[in-house]
Amino acid sequence: MQGQRKLPLAAPQKTWHFSAKSKIHFRILRHSVYPESSNRTGVHDALLQHILQRSWQSEIMLNYGILQISEIRRSAKLLPHYNIIHPCSDLRILHGFCSFTSSH
């Protein structure tokens, strides 16, 4: 099994063969599964911060999965307007807007 490694979230029978492409996958996986911030919404927060810093007019929909409403609200406070949508009991989606009429 040299050169192969199990993915952190994969089923035991799934393996990933190391190559140049797989190294990119592990870098992406590390940032999406293990954000650099100390909270579980770190990737969401970073994305929202980048959008706001650039003053992009945007409609935003982010999947927060089963995270607590309080965590989603803390993350969403970066947005001037938002709603939390519950299409089913185990899925929470942040729907928000960024619109800028003056410089930020």
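Biologist: Of the 104 residues of the protein, what percentage count as buried?
Modeller: This is a predicted model. A residue counts as buried when its relative accessible area is under 20%. Among the 104 residues of the protein, the buried share is 28%.

Biologist: In what order do the elements of the protein run from the N terminus on?
Modeller: The secondary structure comes to three helices and five strands. Written from the N terminus on, the order of these elements is β-β-α-α-β-α-β-β.

Biologist: Which residues of the largest nonpolar core touch the most other members?
Modeller: In soluble globular proteins, nonpolar side chains tend to be buried together. Here the largest nonpolar core has 13 residues. Helix H2 (42-53), strand E3 (58-65), helix H3 (69-76) and strand E5 (91-98) each give two or more residues to this core. The members that touch the most others are Leu48, Ile60, Tyr64 and Leu94.

Biologist: Which residues is Leu48 in contact with, leaving aside its neighbours within four places in sequence?
Modeller: Leu48 is one of the core members that touch the most others. Contact means heavy atoms within 4.5 Å. With neighbours within four places in sequence left aside, the partners of Leu48 are Ile60, Leu62, Tyr64, Ser75, Leu78, Leu79 and Leu94.

Biologist: Does Ser58 count as buried or exposed?
Modeller: Ser58 lies in strand E3. Leaving aside neighbours within four places in sequence, Ser58 is in contact with Ile51, Gly96, Phe97 and Cys98. The cut-off for buried is under 20% relative accessible area. Ser58 has 18% relative accessibility, so Ser58 counts as buried.

Biologist: Where is Ser55 found, and what is its phi near?
Modeller: Ser55 is found in the loop between H2 and E3. Ser55 is partly exposed, with a relative accessible area of 30%. Most residues other than glycine have a negative phi. Ser55 has a positive value, and its phi is near 55°.

Biologist: How far from the centre of the ring of Trp56 is the charged end of Arg54?
Modeller: A charge from Arg can sit over a ring if its CZ is within 6 Å of the ring centre. The charged end of Arg54 does sit over the ring of Trp56, and its distance from the centre is 5.6 Å.

Biologist: How many aromatic pairs does the structure hold?
Modeller: To pair, two rings need centres within 6.5 Å. The number of aromatic pairs in the structure is zero.

Terms used:
Residues are numbered from 1 along each chain as its sequence is written. This is a predicted model: local features need pLDDT of at least 70, side-chain atom pairs count only at pLDDT 80 or more; totals for chains, interfaces and linings use all residues. Side-chain values use heavy atoms; hydrogens and water are left out. A nonpolar core is a set of buried Ala, Val, Leu, Ile, Met, Phe, Trp, Tyr and Cys residues joined through side-chain atoms within 4.5 Å. Buried means under 20% relative accessible area, exposed over 50%, partly exposed in between (1.4 Å probe, protein chains only). Helices (H or I, at least four residues) and strands (E, at least two) are DSSP runs, numbered from the N terminus. Rings of Phe, Tyr and Trp (its six-membered ring) pair if their centres lie within 6.5 Å; planes under 30 degrees apart count as stacked, over 60 as edge-to-face and the rest as tilted. A charge sits over a ring if NZ of Lys or CZ of Arg is within 6 Å of the ring centre and within 35 degrees of the ring normal.
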